[in-house]
Amino acid sequence: MTETETGPHTWRPDRFMVVAAHPDDADFGPAATVASWIDQGSVGWLVCCTSGDAGAEDPDTDPLELAALREREQRAAAEVVGYEGVTFLHMPDGALVNDLILREHLVREIRTFRPDAVLATDPETLFYRDRGVNHTDHRAAGYAAVDAVYPAARNPMAFPWLAKQGLAAHRVRRIYLFWSDTPTVRVDVTGTVDRKLDALRAHASQLKDFDEIEKWTREWTAEVGKEVGVEAAEGFHMVMIDEDDEVEAAEAGGQVEAAVAES
């Protein structure tokens, strides 16, 4: 999709997966959208590539203890938002790489959960409109998520041992890239901004001034909301991979092939 929608984005996946680099990324990112979709009946799963073991300013911090703490915080936040579950891939914080190892992990998660949509950091965002630098792990996680979605997860010859383990190829229909400087859709989150903030509160080890975070969050979601005529919204660069009818036709074709093979 290249054109920007002029009103609130209304398509909603039945199942979706959020891929984040660190604990708290998903809550600073699309948590209000996720909560809204879940409230409407969607089922969501969160994948954290790292456990945030480098997320402290004291060099004497025990990284294993910090990782355990941040996983507990993220699980608590995920419960607030409403995810069905959370997976931690335990990749090194600050050294995340879009390599075959990470991609295989993500393909396994996608083929297991079988989402209609995947949400991930926009990997092309390097500078936030000249006001900051996008963390290298965020970019690596975004690229890895995109590469796992297309073509790896849908290609039965990619990581063929996964198919032999019962994890058949899966076609993700859409990608929603958050923290993007080129958003094309905005989701109305008027009713779930408070849930986003409640989820953020769970990350106590990372938050030094929650009042400022709340102020910034409300101002930012309100600003995005004005663009589509609602009180609050979150923006995404949405990439259409398959139209819904194309996926349904492909799935029907696969069922026919399977029936013929069995006959």
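This is a predicted model: local features need pLDDT of at least 70, side-chain atom pairs count only at pLDDT 80 or more; totals for chains, interfaces and linings use all residues.
The model contains an open sheet of 7 strands, whose order is S3-S2-S1-S4-S5-S7-S6 and whose pairing is mixed. At the edges of this sheet lie strand S3 (85–91) and strand S6 (185–188), each of which pairs on one side only. From one strand to the next, the twist averages 25 degrees.

Strands of a sheet pair through backbone hydrogen bonds, and this pairing can be either parallel or antiparallel. Both senses can be followed here by walking along part of the order. S1 and S4 run parallel and are joined by 4 bridges, with Met 17 standing opposite Val 118 in S4. S4 in turn pairs with S5 in the parallel sense over 5 bridges, and in this pair Ala 120 stands opposite Leu 177 in S5. The pairing of S5 with strand S7 (residues 233–240), by contrast, is antiparallel and extends over 4 bridges, with Arg 174 standing opposite Met 240 in S7.

## Strand S5, covered on both faces

How many residues of strand S5 (residues 174–178) are buried? The count is 5 of the 5, so the strand is largely enclosed by the rest of the structure.

In a regular strand the side chains alternate between the two faces of the sheet.

Helix H4 (residues 100–113) lies across S1, S2, S3 and S4, and runs at about 165 degrees to S3.

The buried residues are Ala 31, Ala 32, Thr 33, Val 34, Ala 35, Ser 36, Trp 37 and Ile 38. After the helix comes Gly 41, which has a positive phi, near 120 degrees.

H2 packs with H7 at an angle of about 120 degrees, and the axes of the two helices are 8 Å apart. That angle makes H2 oblique to H7, and H2 passes H7 in a right-handed crossing. The residues that meet are Ala 31, Ala 32, Ala 35 and Asp 39 in H2 and Val 193, Arg 195 and Lys 196 in H7.

Helix H7 (residues 193–201) also packs with helix H8 (residues 210–226), at an angle of about 150 degrees and with axes 11 Å apart. Why are H7 and H8 described as roughly antiparallel to each other? Their angle is about 150 degrees, and angles over 145 degrees count as roughly antiparallel, so the description applies to this pair. H7 passes H8 in a right-handed crossing. On the H7 side the meeting residues are Val 193, Asp 194, Lys 196, Leu 197, Leu 200 and Arg 201, and on the H8 side they are Phe 210, Ile 213, Glu 214, Thr 217, Arg 218 and Thr 221.

## Two buried residues

Ala 117 is found in strand S4 (residues 117–121), and with a relative accessible area of 0% this residue is buried. Leaving aside residues up to four places away in sequence, Ala 117 touches Trp 11, Pro 13, Arg 15, Phe 16, Met 17, Val 172, Arg 174 and Tyr 176. Ala 222 stands 105 residues from Ala 117 along the chain, and the C-alpha atoms of these two residues are separated by 25 Å.

His 22 is found in the loop between strand S1 (15–20) and helix H1 (25–28). Is His 22 buried or exposed? His 22 is buried, since its relative accessible area is 6% and buried means under 20%. Its side chain makes a polar contact with the side chain of Asp 137 (2.9 Å), and another with the side chain of His 138 (3.4 Å). Among the residues that His 22 touches, not counting those up to four places away in sequence, are also Cys 48, Thr 50, Arg 70, Gln 74, Asp 93 and His 135.

Methods: Residues are numbered from 1 along each chain as its sequence is written. Side-chain values use heavy atoms; hydrogens and water are left out. Buried means under 20% relative accessible area, exposed over 50%, partly exposed in between (1.4 Å probe, protein chains only). Contact means heavy atoms within 4.5 Å. A polar contact is a pair of N or O atoms within 3.5 Å; within protein, one must be able to donate a hydrogen and the other to accept it, and residues adjacent in sequence count only if both atoms are side-chain atoms. Two strands pair if DSSP finds at least two bridges between them. Axes are lines fitted to C-alpha atoms, for helices over the stretch in contact, and angles run from 0 to 180 degrees between N-to-C directions. Angles under 35 degrees count as roughly parallel, over 145 as roughly antiparallel, 65 to 115 as roughly perpendicular and the rest as oblique. A crossing is left-handed if the near helix is turned anticlockwise from the far one by less than a right angle, and right-handed if clockwise.
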